[in-house]
Amino acid sequence: MDDMKENKRNTHGIFRSPSLFTVMIFASSVVFSVINIIFVKSSGSFKLVLLLYLIVATLMLFADVTGMPGKIRQLARKIRRKIGESGTSDARKTFISRYRKDIRFRAKISLYTGLAFNLVYVVIKFVSGVIYSSEWYFTVGIYYLVIALTRFVLLRGGSSLKDLPEDERMIKEYKTYRNCGFLMLALVVAVYLISLQIVTENRSYVYPGYLIYATAAYSMFCYVNAIVNVIRFGKRHEPILSAAKQLSFAAAWMSLYNLQTAMFIAFDGGSDLPRTMNIITGAAVTLYILVAAIFMIIHGNRHIKKLS
């Protein structure tokens, strides 16, 4: 019964009316922040705290109007019901079997996991930016925020596709695919700002001791896995899966770029090579994401017009 009520509230569109509490939090944060920044001569640290407050209030409003808390509760209830019906051992076997055989289910789990980690990174980077008054942390936080929003759009677009006619389902998938392309344009801006700080201010990630070797191995694994998935899903006519793998490939490129900067900091003896290589790699990553975003927008529009 609760699931039916939850579904009914969320079937009238992507967005719903936010609660009065969320609106009040968001409105008060906007008013207080604007008044303080314009009229009050506060310290830079206090204004950064206000900015963080405004960002958190905006995320609260976004979560409310998109119904994310309800969807999380609904998913948790479904998992508990499955476990209760079939027993813990059987449910685990069913989950593992479905994860191995169902590509869409595996992609969905991957998107949910990535979204959760991205949101944690967003909070960590923004809080670090406030504590250390660092533009670098804020810029990296914006990058992870765009990645998280893109994954959320893919998850939202992939829901409720089962009962749709084939043509209607494909149109919805290609619209989600195109929207992912638009968000990747925002990702281009975030990557460019990160690259600009790496080149002009010598910013970088720092991995102490042997952690850099573990990070290098993990980054290479993610990169190779992303290449394999892009090739594999590029042959399938499933736009949402293709978009998810393009996003993972772009993130893998960025991970390698960050690893490169960290390795130069750790091992270079002070030559001019790191700056040159960072310029080349940063430009390559930015250009790839830009080309991928434009291709997804054009490709999505073409198929939407063909199917409409």
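Predicted model: local features only at pLDDT ≥ 70, side-chain atom pairs only at ≥ 80, totals over all residues.
## Overall architecture

The protein chain contains 11 helices and 0 strands. Read from the N terminus, its elements follow the order α-α-α-α-α-α-α-α-α-α-α. Of the 308 residues in the protein chain, 39% are buried.

## Contact between helix 8 and helix 10

Helix 8 spans residues 166-201, and helix 10 spans residues 239-267. Their axes come within 9 Å of each other and cross at roughly 10°. Because angles under 35 degrees count as roughly parallel, helix 8 is described as roughly parallel to helix 10. The residues of this contact comprise 17 nonpolar, 5 polar and 1 charged.

## The second largest pocket

The volume of the second largest pocket is about 1200 Å³. Its lining consists of 35 residues, and those closest to the pocket centre are Arg-151, Tyr-218, Cys-222, Ala-251 and Ser-255. By class, the lining divides into 19 nonpolar, 11 polar and 5 charged residues.

Four elements are named as giving two or more residues to this lining: helix 6 (103-132), helix 7 (135-157), helix 9 (211-234) and helix 10. Helix 6 provides the largest share, with 11 residues.

## The enclosed cavity

Rolling a probe the size of a water molecule over the atoms shows where empty space is left. In this model, the count comes to 1 cavity of 30 Å³ or more. The largest cavity holds about 60 Å³ of space.

The lining of the largest cavity is formed by Ala-107, Ser-110, Leu-111, Arg-151, Ala-244, Lys-245, Leu-247 and Ser-248. Within this lining there are 4 nonpolar, 2 polar and 2 charged residues. Helix 6 and helix 10 each contribute at least two of the lining residues, and the largest share, 4 residues, belongs to helix 10. Arg-151 is listed in the lining of the largest cavity, and Arg-151 is also among the residues closest to the centre of the second largest pocket.

## Aromatic pairs

Across the whole structure, 8 aromatic pairs are found. One of them joins Tyr-121 and Tyr-144, with 4.7 Å from centre to centre and 35° between the planes, and is classed as tilted. This pair links distant parts of the chain, with Tyr-121 in helix 6 and Tyr-144 in helix 7, 23 residues apart. Tyr-121 is partly exposed, at 38% relative accessibility, whereas Tyr-144 has a relative accessible area of 15% and is therefore buried. Ring pairs also bring Tyr-143 into a cluster with Tyr-121 and Tyr-144.

A further pair is formed by Tyr-174 and Tyr-177, whose ring centres are 6.2 Å apart. Their planes stand at 80°, so the pair is edge-to-face. Tyr-174 and Tyr-177 lie 3 residues apart in helix 8, and are therefore separated by about one helical turn. Both Tyr-174 and Tyr-177 are buried.

## Ser-219 and Asn-258

Ser-219 is located in helix 9. With a relative accessibility of 5%, Ser-219 counts as buried. Ser-219 and Asn-258 are 39 residues apart along the chain, and their C-alpha atoms are separated by 9.5 Å.

## Loop residues with positive phi

Most residues other than glycine have a negative phi. Ser-133, a residue other than glycine, has a positive phi near 50°. Ser-133 is placed in the loop between helix 6 and helix 7. Its relative accessible area is 41%, so Ser-133 is partly exposed.

Asn-202 also has a positive phi, about 60°, although it is not a glycine. The position of Asn-202 is in the loop between helix 8 and helix 9. Asn-202 counts as exposed because its relative accessibility is 56%.

Key. Residues numbered from 1 in each chain as written. Heavy atoms only, no water. Axes fitted to C-alpha atoms, helices over the stretch in contact; angles between N-to-C directions. Parallel < 35°, antiparallel > 145°, perpendicular 65-115°, else oblique. Nonpolar A, V, L, I, M, F, W, Y, C, P; charged D, E, K, R; others polar. 1 Å grid on protein atoms, 1.4 Å probe; cavity = no way out; pocket = protein on both sides within 12 Å on 5 of 7 lines; lining within 4 Å. Points joined across faces, edges and corners; volume = space filled by probe spheres on them. Phe/Tyr/Trp six-rings, centres within 6.5 Å; stacked < 30°, edge-to-face > 60°. Buried < 20%, exposed > 50% of the residue type's maximum accessible area, 1.4 Å probe, protein only.
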